[in-house]
Amino acid sequence: KKWIIKALDRASERTVAWVLGGRDAATFQRLYEKVKHLKGCMFYTDDWDAFAKVLPRERHIIGKAHTVAIERDNSNTRHHLGRMRPDEPRSSRKRKR
């Protein structure tokens with residue numbers, strides 16, 4: 001199973017960076033490498049332990065109150081990706097009984 005882990009700009013609600021990989025600290029470290037150059041920003045996350053292992057404590061705030069935008073974005077991503085994976089083969093021809 002692969003996971004998409006994203007960094008989102010809270011002001012614009014746009015994806016800043018993303019990685020595809022396992023649900024582990026190594027995958028999140030790859031994402032952090034893409035955004036660590038951003039100065040003057042904070043990282044708002046839930047309490048997944050990989051975040052605490054990788055993010056600097058002084059720039060990391062844990063709590064669901066600040067993750068509404070990314071959770072909405074994740075939900076939209078799951079919805080759109082789910083539509084690309086049909087449950088059964090689809091065809092334009094009518095099935096015979």
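This is a predicted model: local features need pLDDT of at least 70, side-chain atom pairs count only at pLDDT 80 or more; totals for chains, interfaces and linings use all residues.

Me: What makes up the protein, in helices and strands?

Reply: There are 3 helices and 4 strands, and along the sequence they follow the pattern β-β-α-β-α-β-α. Helices are DSSP runs of H or I with at least four residues, strands are runs of E with at least two, and both are numbered from the N terminus.

Me: Why is T45 called buried?

Reply: Buried means under 20% relative accessible area, exposed means over 50%, and partly exposed is in between, using a 1.4 Å probe and protein chains only. T45 has 7% relative accessibility, so it counts as buried. T45 lies in strand β3, residues 43-45. Across the protein, buried residues make up 28% of the 97 residues.

Me: Which residues does T45 touch, leaving out those up to four places away in sequence?

Reply: They are F51, L55, H60, I61, I62, G63 and T67. Contact here means heavy atoms within 4.5 Å.

Me: What makes the link between the side chains of T45 and H60 a polar contact?

Reply: A polar contact is a pair of N or O atoms within 3.5 Å; within protein, one must be able to donate a hydrogen and the other to accept it, and residues adjacent in sequence count only if both atoms are side-chain atoms. The T45 and H60 side chains make theirs at 2.5 Å.

Me: How do you know that the buried residues of α1 line one face of the helix?

Reply: In α1, residues 25-35, the buried ones are T27, F28, L31, Y32 and V35. Seen down the axis of α1, they fall within an arc of 140 degrees, so they line one face. The arc is that of the directions from the helix axis to the C-beta atoms. Their cover includes β1 (3-9), β2 (14-21), β3 and α2 (49-54).

Me: And why does T27 count as buried?

Reply: T27 has 4% relative accessibility, so it counts as buried. A polar atom of the T27 side chain lies 2.9 Å from the backbone oxygen of G22.

Me: Why is the pair of Y32 and F43 called edge-to-face?

Reply: Rings of Phe, Tyr and Trp (its six-membered ring) pair if their centres lie within 6.5 Å; planes under 30 degrees apart count as stacked, over 60 as edge-to-face and the rest as tilted. The rings of Y32 and F43 have centres 5.8 Å apart and planes at 70 degrees, so the pair is edge-to-face. It links Y32 in helix α1 with F43 in strand β3, 11 residues apart.

Me: How many aromatic pairs does the whole structure have?

Reply: A search finds 4. F28 and W48 form an edge-to-face one, with 6.5 Å centre to centre and 70 degrees between the planes. Ring pairs also link F28, W48 and F51 into a cluster.

Me: What makes R10 a charge over the ring of Y44?

Reply: A charge sits over a ring if NZ of Lys or CZ of Arg is within 6 Å of the ring centre and within 35 degrees of the ring normal. The charged end of R10 sits over the Y44 ring, 4.3 Å from its centre. The charged end of R23 sits over the ring of W3, 5.1 Å from its centre.

Note on methods. Residues are numbered from 1 along each chain as its sequence is written. Side-chain values use heavy atoms; hydrogens and water are left out.
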